[in-house]
2 protein chains.
Amino acid sequence: MKPGRNYSIKDIARLANVSIGTVDRVLHDRKGVSQTTKERVLAVIKKTGYKKNIMASRLKLASNHIIKIAVLLPEIKDDWSYWKWPKLGVTRAVSELLESGVRIKYFHFDADLEESFQANCRKILSENYSAIVTVPFMKDASNELVKLASVPDIFLDTYRSLNNSANFIHQDSHVAGMVAGRLLYNLVGEEGAYLVVNMTENGIVRINCQQRENGFRDFFSKNFPEKEFSIFSINHSLEDSHSISEELSPIFTQENIRGLFVTNSRAFMLREVMALLTDCFTVGFDLNYKNTELLREQEIHFIINQKPDYQGYMAIKGVYKYLTEGNKEGLNMKIPVEIIVKENIPIYEIDTI
Amino acid sequence: MKPGRNYSIKDIARLANVSIGTVDRVLHDRKGVSQTTKERVLAVIKKTGYKKNIMASRLKLASNHIIKIAVLLPEIKDDWSYWKWPKLGVTRAVSELLESGVRIKYFHFDADLEESFQANCRKILSENYSAIVTVPFMKDASNELVKLASVPDIFLDTYRSLNNSANFIHQDSHVAGMVAGRLLYNLVGEEGAYLVVNMTENGIVRINCQQRENGFRDFFSKNFPEKEFSIFSINHSLEDSHSISEELSPIFTQENIRGLFVTNSRAFMLREVMALLTDCFTVGFDLNYKNTELLREQEIHFIINQKPDYQGYMAIKGVYKYLTEGNKEGLNMKIPVEIIVKENIPIYEIDTI
DNA sequence: CTGAAAGCGCTTACAG
DNA sequence: CTGAAAGCGCTTACAG
């Protein structure tokens with residue numbers, strides 16, 4: 001290889017005694033090349049180690065072409081909304097891909113209203129985006145979206161099986177539950193009891209919270225099939241934040257609860273109860289402001305981070321890779337189960353949100 | 001904005017009534033444009049939201065141009081060598097950037113011989129690479145390299161202050177030590193004693209191991225300034241793996257050691273001693289084969305991962321970004337302190353090493 | 001101070 | 001089955 005220089009299609013053409021058009025045909029395995037010519041060209045390509053210049057090919061293919069991606073997330077109700085994070089990651093990816101023609105349009109739906117999600121989906125489908133990034137909270141409407149969309153859709157945050165082929169970038173909630181089991185078991189062992197707190201919205205437990213509880217219980221039954229652990233669980237309405245201390249207090253006193261696993265992002269709502277106990281350890285999810293504060297004060301001991309910003313980032317990068325290279329592998333991804341203690345709280349640049 | 005289409009430099013030229021050459025001059029803030037013309041062009045650029053097509057500009061600038069990066073790492077002595085990981089990350093980055101003209105040349109040095117490192121540096125400097133990625137194990141030789149190199153050098157794995165401006169992609173070892181302190185403190189509290197095990201090479205403790213011990217001790221003094229903790233530490237020759245059990249056994253029996261912090265990647269060497277104890281928890285570093293095995297068997301309880309593959313990956317990406325965009329921010333980076341338990345052991349595709 | 005032209009490497013549409 | 005030419009958007013070297 002000549003130093004500091006790549007072979008171009010022109011070099012290959014010259015070395016193989018053909019035109020660049022023919023080299024292009026061979027490279028793309030197109031019709032209309034005689035077997036002998038093809039072999040000759042392939043030999044030269046192999047010998048030279050030719051690599052096509054992706055800049056040049058994209059210049060021609062995608063030049064002048066904007067990739068519009070629709071991002072549909074729940075409404076951001078306050079400054080510390082969870083949904084700021086995926087948006088932050090999306091924004092970061094877009095800023096990297098701005099010059100490559102990627103543009104985002106954000107949509108927001110009311111997480112309590114299926115109709116709101118559906119209306120947004122209809123709007124998006126009518127506007128011709130190249131891809132759709134959203135969350136699969138409403139099962140039927142998500143199925144409908146996958147069925148109607150002719151472009152890839154990527155679901156963030158939660159995995160659930162849908163009828164059609166759908167793409168997911170998410171943390172494995174079952175594994176996350178097992179990790180929570182490990183962390184608490186190390187601290188509590190067999191002497192104390194465990195309490196799993198699920199918070200309900202409109203009376204139901206979110207699917208990934210349920211998966212987390214299953215994983216948690218699985219940790220104990222898989223690792224210690226012969227032993228008996230005291231694992232209680234309660235469901236409590238998310239909306240009713242005042243009564244939660246009252247509901248939990250008797251369980252704590254009666255059952256010697258030493259490990260607390262809160263399956264959603266609201267571990268901070270248990271602050272009052274947790275403060276009453278000296279020997280109880282807590283694992284929660286998500287680095288929201290209040291959880292982070294309690295982690296700093298050691299009222300919460302471990303936070304499992306779903307890296308929502310990274311999810312948003314990878315979704316856009318994955319879509320771009322698919323649309324420009326046809327490579328589907330970036331459309332589905334499992335995000336690592338990140339364990340956070342007080343000392344390794346990540347530092348984010350919040351101001352860019 | 002016209003849907004599905006980006007403005008090109010040609011559009012801007014037309015709208016501003018100038019030639020594309022003039023638009024280019026304005027875009028790059030070059031000399032030779034009258035103030036009025038410049039303002040007119042800038043107005044159009046602003047109004048249209050013009051973004052330059054990075055493909056096209058790189059095509060012209062970097063076309064035909066290979067970016068050669070020298071990667072100098074310690075010799076890989078066995079199949080589970082730590083240094084395979086950065087190499088894996090480097091390889092992954094290069095495969096993504098192959099079509100953009102990035103090529104790697106690997107060099108290896110004997111980590112016990114400063115002269116071996118120096119000889120490799122001389123060779124690299126004589127061969128005109130666009131960047132150098134290595135490790136700063138030998139202080140003087142590293143300083144010399146930074147002084148002589150006219151291209152960016154990025155040091156992986158370890159931070160140490162060097163005379164000249166050098167770039168580091170590394171995990172903050174002091175923070176990692178504090179995290180280790182937190183993990184063990186949660187389990188052991190004030191009742192038991194802690195033991196920090198440093199392994200020496202040629203009689204000296206590696207700088208990042210020392211930083212980890214300092215961080216570990218700092219965790220206790222910062223969080224509990226009034227309390228007394230029993231923290232012992234020993235240095236033991238890495239080469240002498242047989243005697244380590246003998247040396248540790250008496251300490252264990254005499255001092256009620258309940259928490260073990262091994263500051264390098266060889267926690268697995270303590271297997272025999274650890275097996276004797278039922279109530280002792282261990283934190284070690286790095287997901288090598290033997291540590292991972294012991295983590296699976298719960299002889300080791302936490303592993304702190306330095307993400308060496310990620311370090312290698314980010315080094316190449318950072319260099320590329322710097323060389324193509326002039327953006328220096330990717331040349332320096334702190335890698336998160338990743339906590340690994342049995343349940344969230346990452347799955348790597350080893351076979352691509 | 002400004003413009004017109006050539007060229008980066010690849011792809012496409014057309015000619016033979 | 002093969003080639004020659006135009007063009008993607010930008011940059012550079014040259015002309016005026």
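In this predicted model, the two copies meet through the same surface, because 100% of the interface residues of chain A are also interface residues in chain B. Chain A is superposed on chain B by a rotation of 180 degrees with 0.0 Å of shift along the axis, at an RMSD of 0.1 Å. That is the relation of a two-fold axis.

Within chain A, an open sheet of 6 strands is arranged in the order 2-1-3-4-5-12, with parallel pairing. The edges are formed by strand 2 (102–109) and strand 12 (333–335) of chain A; each has a single partner strand, so one side of each is left without a neighbour in the sheet. From one strand to the next, the twist averages 15 degrees.

Strand 4 (residues 153–156) and strand 5 (residues 167–171) of chain A run parallel and are joined by 3 bridges. In this pair, F155(A) stands opposite F168(A), a residue of strand 5 of chain A.

Helix 5 of chain A packs on the sheet, and helix 13 of chain A also packs on the sheet. Their contacts and directions are set out below.

| Helix (chain A) | Residues | Strands touched (chain A) | Angle between directions |
|---|---|---|---|
| Helix 5 | residues 84–97 | strand 1 (67–74), strand 2 and strand 4 | about 165 degrees with strand 2 |
| Helix 13 | residues 308–325 | strand 1, strand 2, strand 3 (131–134), strand 4, strand 5 and strand 12 | about 165 degrees with strand 4 |

Conventions. Residues are numbered from 1 along each chain as its sequence is written. Chains are lettered from A and ligands numbered from 1 in the order in which they are written. This is a predicted model: local features need pLDDT of at least 70, side-chain atom pairs count only at pLDDT 80 or more; totals for chains, interfaces and linings use all residues. Two strands pair if DSSP finds at least two bridges between them. Helices (H or I, at least four residues) and strands (E, at least two) are DSSP runs, numbered from the N terminus. Axes are lines fitted to C-alpha atoms, for helices over the stretch in contact, and angles run from 0 to 180 degrees between N-to-C directions. Two residues are in contact if their C-beta atoms, placed from the backbone, lie within 7 Å. Copies are superposed by least squares on the C-alpha atoms of residues with pLDDT of at least 70 in both.
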